[in-house]
Every structure is written in structure tokens, then in C-alpha cells.
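Hi,

Here is the structure I promised to pass on.

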Amino acid sequence: MLYAPVVKGWLIVSVKAAEADDLFQDIWVVFYRRWQQWQFLPEMGLPEAKPVASFLYKTFRFVLEGHRRRVSSNPESIEEMDVPDNYDSSNRLLQQLDVGVCMDVARRVCSPEEMDVLLAKLAGISARDIAKTLSISESVVDHRFRKAISRLRKRLKGTKNPKARK
Amino acid sequence: MVENTIYNELRDDWDKLLNVPRLNTFPAPEAILLEAASPNVRPVALFAELEDARTSWDELFKEIRSREYSDKLVTRFWTLKDMAAHVASWAKEFRRQVEMVANGEAFDYAIANALSDEGPNEWNRVEVEKRRHQLLDESMEEFESETRSLQELVLTLPQEVIQTETDFPIAPTGDPSMLWKGNIGQIVAMKCLHDQWHTARVRQWFESIQSSR
């Protein structure tokens with residue numbers, strides 16, 4: 001589970017805390033099912049680590065898209081998420097997590113499109129793979145990244161050390 | 001310089017987030033593997049699998065610039081256009097099957113030899129023939145639109161409907177009275193596997209003709 005922390009990080013920043021662990025499972029289910037078919041996929045010819053990370057990012061994006069659509073068409077669906085009977089949701093420690101000042105500001109001031117790029121960059125996904133996954137050009141990836149940083153700079157302006165704001 | 005500082009701060013926050021797995025808040029990997037192998041997959045995961053299959057096929061055809069190769073043989077019998085028609089015909093069939101099961105309707109037909117080693121050759125032949133006059137781009141559009149409809153549909157379905165086992169119009173032995181039993185989750189997984197398999201085959205074919213140039 002080398003990549004599990006990265007996937008968790010993406011989810012924690014992108015969705016409500018209570019939704020993160022269900023979506024985490026969705027991502028791995030899709031990943032494992034597809035991974036079993038890799039013997040006939042083009043990823044085979046590539047170095048191991050890169051396709052795994054970029055494929056996970058793609059899977060994360062697809063799951064997130066499905067989740068957002070489901071929530072927008074049926075807001076109650078969150079309430080009826082499939083939590084096992086023996087699962088005590090009040091113990092979901094995610095709700096107590098501190099995502100960090102800079103990341104928290106990024107979540108609030110960046111558009112979802114800018115966050116998509118930012119999160120992929122932080123996980124080391126190449127601009128090319130980000131562009132391919134989001135169906136945009138590499139120059140748009142670069143533009144969104146700069147825009148996200150610029151928004152953060154404006155918001156954190158006047159504080160030499162953003163962490164001091166905490 | 002300021003940009004670098006902010007990015008470094010973000011990286012620090014990100015690195016701290018990566019320590020989250022130490023908190024035991026997520027299912028163990030073994031539980032997820034079991035879930036992946038089971039037919040009980042949630043609607044969001046089905047949507048994501050379909051999105052992956054749809055975009056893989058779409059990306060491949062954009063790369064091929066299909067018109068140039070439309071009439072080239074990709075198998076012994078089928079051209080690229082026929083292959084697109086075949087994948088489109090199954091996209092329509094899978095969407096219809098899921099829609100009917102979701103509506104509680106019964107099937108009055110069966111596809112002989114589907115899910116068998118022999119394969120549903122006659123059904124495949126008839127469906128490709130029906131699309132003989134359809135342009136490759138039209139088959140691509142049919143695949144796209146049918147897959148998107150299926151994606152929207154699965155997102156609206158309650159989990160219990162996705163998991164309910166029922167007869168599908170698939171007759172592996174060729175006998176229409178002996179239908180395959182399964183659920184919507186399995187049918188969607190089957191569609192994705194089918195799409196990805198053909199995507200990979202067409203990609204191999206395309207790469208082989210590119211390298212021989």
C-alpha cells in the first residue's frame with residue numbers, strides 16, 4: 001500500500017471528512033479490478049511506479065467525479081452511504097485531522113480545477129499525465145498551478161511565515 | 001521566490017497528511033481486495049470504472065485519427081469501423097440490460113453463447129451488420145452516448161438494486177432457457193472488461209502498423 005497515503009491525502013483535501021473513507025475504498029476497488037487486467041494494457045511497457053501513480057490519480061478523479069454527480073443529483077445519498085452496521089462513524093478520526101494552514105487556505109480559495117492540478121503536482125504526477133487525465137493541455141495545467149499559487153500568495157500576503165497564522 | 005515559499009509550505013502540509021495512515025481510520029487492504037473481487041460494488045465505483053473504459057476508448061481513437069484507418073482490418077474479419085460498431089452494439093446492449101433490470105422488466109430474448117469460449121458470434125455478426133452503413137464516427141458517438149447513459153443510470157440506483165441477483169439475457173450454453181444469473185454490478189464490470197480488452201487489442205494493432213512504417 002505504498003500509494004495509500006497519497007490517495008488518502010487527495011481525499012482529505014477534496015471531500016468532507018465523513019465521505020473520505022468510503023471513497024478511498026471505491027478508488028482501491030476500481031484500481032484493483034483494473035490492475036488485474038494490466039497484462040493487456042499499454043501501461044505494461046512503462047516503468048512501474050509512474051503508471052501506478054498516474055493511474056491512481058486518474059481513478060481518484062473518476063471516483064470524485066462520480067461522487068460529485070451523485071451528491072448533486074441526490075444530496076441525501078451521503079446520509080445513506082454504505083457504512084457497515086458495526087462501523088461506528090462517530091469514531092471517524094478524520095474529522096479531527098488538521099490539514100495544515102496553507103493547505104486549508106488552498107482548499108478555500110482555489111477553484112476545484114486548480115485544486116485538481118495542485119494535488120496532482122504535490123503527489124509528483126507529471127504535467128503530461130495531469131493534462132491527459134484532465135483532458136486539458138499542459139499549458140493549462142501550468143496556468144492553473146500558477147493561478148492557485150497566486151491566490152494563496154494574495155490570501156497569505158503580509159505574513160512572512162504563513163504557519164505563524166496558525 | 002514567493003511562489004516557491006508558498007509551494008514549500010504546501011509541500012510541508014502535504015507531507016504531514018501522508019502520515020494519516022497511522023491512524024486506523026480506513027479499511028485494511030485485505031478487506032478492499034475482497035471487496036474488489038466481490039460483486040457488491042458501490043455506484044460511484046461503477047461510474048468510475050465506466051469513465052475509465054469510456055475515456056480509454058476515446059483517447060485511443062483520437063490518437064489513431066480514425067478516418068485514415070477506418071477500412072483497415074484489425075482482425076481477420078473486422079475492419080476498424082466494424083470493431084467500433086461491435087463495441088457500440090455491446091454498449092447499447094449492456095445499457096439496455098441494466099435499464100430493464102432496474103425497471104423490473106423481464107427479458108424476452110437471449111444472446112446465445114455469450115460468456116462462453118465460443119462467444120456470441122451470430123449476435124455479434126448481426127449487430128455489426130446492422131451498423132454497416134454507419135460511419136466510424138457515428139459508432140464512436142453511439143458508444144459514447146450509451147456509456148454516458150449507463151453512467152448516469154448507475155449513479156441513480158440504490159445499492160440493493162445493484163446487488164440483486166436476476167436472470168440476464170445471456171445464454172452461455174446456447175440454450176435460451178438456461179440464462180446466466182448475476183447482478184447489475186457484474187454486468188457493468190463485464191462491459192468495462194469487454195471495452196478495455198478491445199481497446200488494448202486495437203492499440204496493439206495500431207502500434208504494430210506504426211512500427212512497421
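Let me start with His86(B), which counts as buried because 21 C-beta neighbours fall inside 10 Å, where 20 or more are needed. Bear in mind throughout that this is a predicted model. His86(B) sits in helix 4 of chain B, the helix that covers residues 80-102. Leaving aside residues up to four places away in sequence, its contacts are Trp78(B), Asn124(B), Glu127(B) and Val128(B).

Asn124(B), Glu127(B) and Val128(B) belong to helix 5 of chain B, and they meet Asp82(B), Ala85(B), His86(B) and Ser89(B) of helix 4 of chain B. Sorted by class, this contact has two nonpolar, three polar and two charged residues.

How are the two helices set against each other, in angle and axis distance? Helix 4 of chain B and helix 5 of chain B (residues 121-130) pack at about 110°, and their axes are 9 Å apart. An angle from 65 to 115 degrees counts as roughly perpendicular, so that is the description for helix 4 and helix 5 of chain B. The crossing of helix 4 of chain B past helix 5 of chain B is right-handed.

Now to chain A. Its secondary structure consists of seven helices and zero strands, giving the pattern α-α-α-α-α-α-α along the sequence. Chain A has 166 residues, of which 39% count as buried. If you take the contacts in chain A with a separation of 6 or more, 72% of them join residues 24 or more positions apart.

A word on confidence before you set anything up. Chain A has a mean pLDDT of 78, with 72% of its residues at 70 or more. Where pLDDT is low, the predicted coordinates should not be read in detail.

Happy to talk any of this through.

Best wishes

Conventions
Residues are numbered from 1 along each chain as its sequence is written. Chains are lettered from A and ligands numbered from 1 in the order in which they are written. This is a predicted model: local features need pLDDT of at least 70, side-chain atom pairs count only at pLDDT 80 or more; totals for chains, interfaces and linings use all residues. Helices (H or I, at least four residues) and strands (E, at least two) are DSSP runs, numbered from the N terminus. A residue is buried if 20 or more other C-beta atoms lie within 10 Å of its own, exposed if 12 or fewer, and partly exposed in between; C-beta atoms are placed from the backbone. Two residues are in contact if their C-beta atoms, placed from the backbone, lie within 7 Å. pLDDT is the predictor's confidence in each residue, from 0 to 100. Axes are lines fitted to C-alpha atoms, for helices over the stretch in contact, and angles run from 0 to 180 degrees between N-to-C directions. Angles under 35 degrees count as roughly parallel, over 145 as roughly antiparallel, 65 to 115 as roughly perpendicular and the rest as oblique. A crossing is left-handed if the near helix is turned anticlockwise from the far one by less than a right angle, and right-handed if clockwise. Ala, Val, Leu, Ile, Met, Phe, Trp, Tyr, Cys and Pro count as nonpolar, Asp, Glu, Lys and Arg as charged, and the others, Gly among them, as polar.
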